[in-house]
Amino acid sequence: MIEIINLCKSFDEYQVLENLNLTIEKGQTQVIIGRSGCGKSVLLKTIIGLLKPDSGQVLIDTHDITRFNEEGLNRLRLRCGMLFQGAALFDSLSVGENVGFVLREHSGLDEASVAGRVSESLGLVDLVGVENLPPAELSGGMKKRVGLARAICARPDIILYDEPTTGVDPIMADAINTLIRQLHDKLEVTSIAVTHDMVNAYKIADRISMLYDGRIIESGTPEEIKKSRNPVVQQFIAGKAHGPITD
Amino acid sequence: MKDYLSRLGKKFLNSLYYAGGICTLGTKAVFGLFVPPFKGKQVLSQMNKIGLESLFIVFLCSLFTGIVLVFQSAYQLQKLGAKELIAPLVALSMCRELGPVFTALIIAGRAGASISAEVGTMKVTEQIDALQTMAVNPVKYLVCPRLLALITMLPLLTIYANAIGIFGGYSIAVWKLGITSSMYINSTFEALALKDIFSGLLKSVIFALIICSVSCYEGLTARGGAEGVGRATTLAVVISFILIISADCLFTAFFYFV
């Protein structure tokens, strides 16, 4: 279980997260929605220890990771996989080297076993025979899928998705959503996805929370969110230009 | 006035913060060299990029430096009838000063810029964050192999530059100034002491540390997309140049008195 308690984070004068509270049950896919720049990615990076909060706690299985040193954080990170907005594939490595990176660095497996796991992970995201290609030769959708294969290659307990469908066409977005759902069902992982794409959110979420003004203002199942009476949530999910968010 | 002093104070503090960041990164990288895992493949790849791919440009610059040095010194020394001092002057200037400094400047411009651009691009495209999420220390993974490659290749390139510079001087002195080959070679070896060569090589190791620390620091702190990477690259080269010349000044003064 992941529990975020009174989390605050600011950059210079700008308060991004303010007393944010959120609980994510084990094995659940939690989607966090909100406008661009509202702090969704900051929240993800704080959960995985890339950013240090100003105050508050992030409890993962009751351990407060904000108190962890680098070694403790690394132990936690080995339990996590993360898909970045732009995939963040290493340009200097091939697709296969990217996907097997964490295994080669930490698992001590021999090269044949790593190659097997790489093929298996690429297979899960419907990519076959691309191991030797450089990332520069891949399309945006393929990069996202390779990023996803890299995130799941070490069979993590927790997967974080930062805007998994941004920058890909609707058909590819749907394919990625289906993949995320399938991976969740097959690997039984706890997932946290941040997005502003409601189609994506409804498709993959067990629960949706809306981040607004640095706080979670509403949480619920996709159906509950659709029926929310909160005007801010309604404006956002309906994608209206006028309403309490913009007025 | 108060505003001006406040801005001045802020700039001073920022400079201290910047200098502290570079020193911290350099120290972490040096300590990282002794901690496993060791990235042999990456070090060799960086050695190739930094060293072998710079051979031609170092060759050209050193050759022309040696040639110019002979012409300029001959212009003065011939008037005094001291042509025999040309060879020692070229050898000492190349080994103590011009070889290490010019090579470091070339490598700062070529490899330093490339390092900061590469690391900076990794930073703005979240590849550094990706490394960290996979429990890999970016200093150990990115900075240490580059530092080891620079510390190894810069002294070797300096020796190469010294040799080419001396050869450039030799060829002009023998071909154009009528100095005999044996006289030039003997004067060169008589003038050069081990201290002259080693002081130059010690400088080049310090220059390698400067180039790596500045270039990697600029890359790792790059922000703001392509423009930020461009700014980081320019700053990496400019700051490296300034620090190389400053460090050279300090070391030259030190070796003069020691």
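Trainee: Does Asp61(A) count as buried, exposed or partly exposed?

Mentor: Good place to start, and keep in mind that this is a predicted model. Asp61(A) has 13 C-beta neighbours inside 10 Å. A residue needs 20 or more to be buried and 12 or fewer to be exposed. The count falls in between, so Asp61(A) is partly exposed.

Trainee: Where in chain A is Asp61(A) found, and what is its phi?

Mentor: Look at the loop between strand E4 (55–60) and strand E5 (63–64) of chain A, where Asp61(A) is found. Its phi is positive although the residue is not glycine. The value is near 50°.

Trainee: Is Ala135(B) buried or exposed?

Mentor: Ala135(B) is found in the loop between helix H5 (127–133) and H6 of chain B. Like any non-glycine residue with a positive phi, it deserves a look: phi of Ala135(B) is near 60°. The cut-off for burial is 20 or more other C-beta atoms within 10 Å. Ala135(B) has 20 of them, so Ala135(B) is buried.

Trainee: How many residues of H1(A) are buried?

Mentor: Helix H1 of chain A spans residues 40–47 and is mostly covered. Among its buried residues are Lys40(A), Val42(A), Leu44(A) and Ile47(A). After this helix comes Gly49(A), with a positive phi near 85°. The number of buried residues in H1(A) is eight of eight.

Trainee: Now for the place where the chains meet. Which element gives the most to the side of chain A that touches chain B?

Mentor: In this contact, 15 residues of chain A meet 10 residues of chain B. On the chain A side, the elements that give two or more residues are helix H2 (70–77), strand E6 (80–83) and helix H4 (101–106). The most comes from one of these, with four residues: H4(A).

Trainee: How many nonpolar residues are on the side of chain A that touches chain B?

Mentor: Sort that side by class. Three of its residues are polar and two are charged. The nonpolar residues number 10.

Trainee: Which pattern does chain B follow along its sequence?

Mentor: Start with the secondary structure of chain B, which comes to nine helices and zero strands. Its C-alpha atoms fill a box of roughly 65 × 55 × 35 Å along the principal axes. Read along the sequence, the pattern is α-α-α-α-α-α-α-α-α.

Trainee: Why is H4(B) roughly antiparallel to H9(B)?

Mentor: H4(B) and helix H9 (residues 225–257) of chain B have axes 8 Å apart. Angles over 145 degrees count as roughly antiparallel. H4(B) is roughly antiparallel to H9(B) because of the angle at which they pack, about 155°.

Trainee: What handedness does the crossing of H6(B) and H7(B) have?

Mentor: Helix H6 (residues 138–175) and helix H7 (residues 181–191) of chain B pack at about 145°, with axes 10 Å apart. Ile166(B), Tyr170(B), Ala173(B) and Val174(B) of H6(B) make the contact with Ser181(B), Tyr184(B) and Thr188(B) of H7(B). By class, that contact has five nonpolar, two polar and no charged residues. The crossing is right-handed.

Trainee: What separates the C-alpha atoms of Thr24(B) and Tyr217(B)?

Mentor: Thr24(B) is found in helix H1 of chain B and is partly exposed, with 13 other C-beta atoms within 10 Å. Along the chain, Thr24(B) and Tyr217(B) are 193 residues apart.

Trainee: Which two residues does the cis peptide bond with omega of about 5° join?

Mentor: Go to the loop between helix H1 (2–32) and helix H2 (40–50) of chain B, where Pro37(B) is found. The cis bond joins Pro36(B) and Pro37(B).

How values were computed. Residues are numbered from 1 along each chain as its sequence is written. Chains are lettered from A and ligands numbered from 1 in the order in which they are written. This is a predicted model: local features need pLDDT of at least 70, side-chain atom pairs count only at pLDDT 80 or more; totals for chains, interfaces and linings use all residues. Two residues are in contact if their C-beta atoms, placed from the backbone, lie within 7 Å. Ala, Val, Leu, Ile, Met, Phe, Trp, Tyr, Cys and Pro count as nonpolar, Asp, Glu, Lys and Arg as charged, and the others, Gly among them, as polar. Axes are lines fitted to C-alpha atoms, for helices over the stretch in contact, and angles run from 0 to 180 degrees between N-to-C directions. A crossing is left-handed if the near helix is turned anticlockwise from the far one by less than a right angle, and right-handed if clockwise. Angles under 35 degrees count as roughly parallel, over 145 as roughly antiparallel, 65 to 115 as roughly perpendicular and the rest as oblique.
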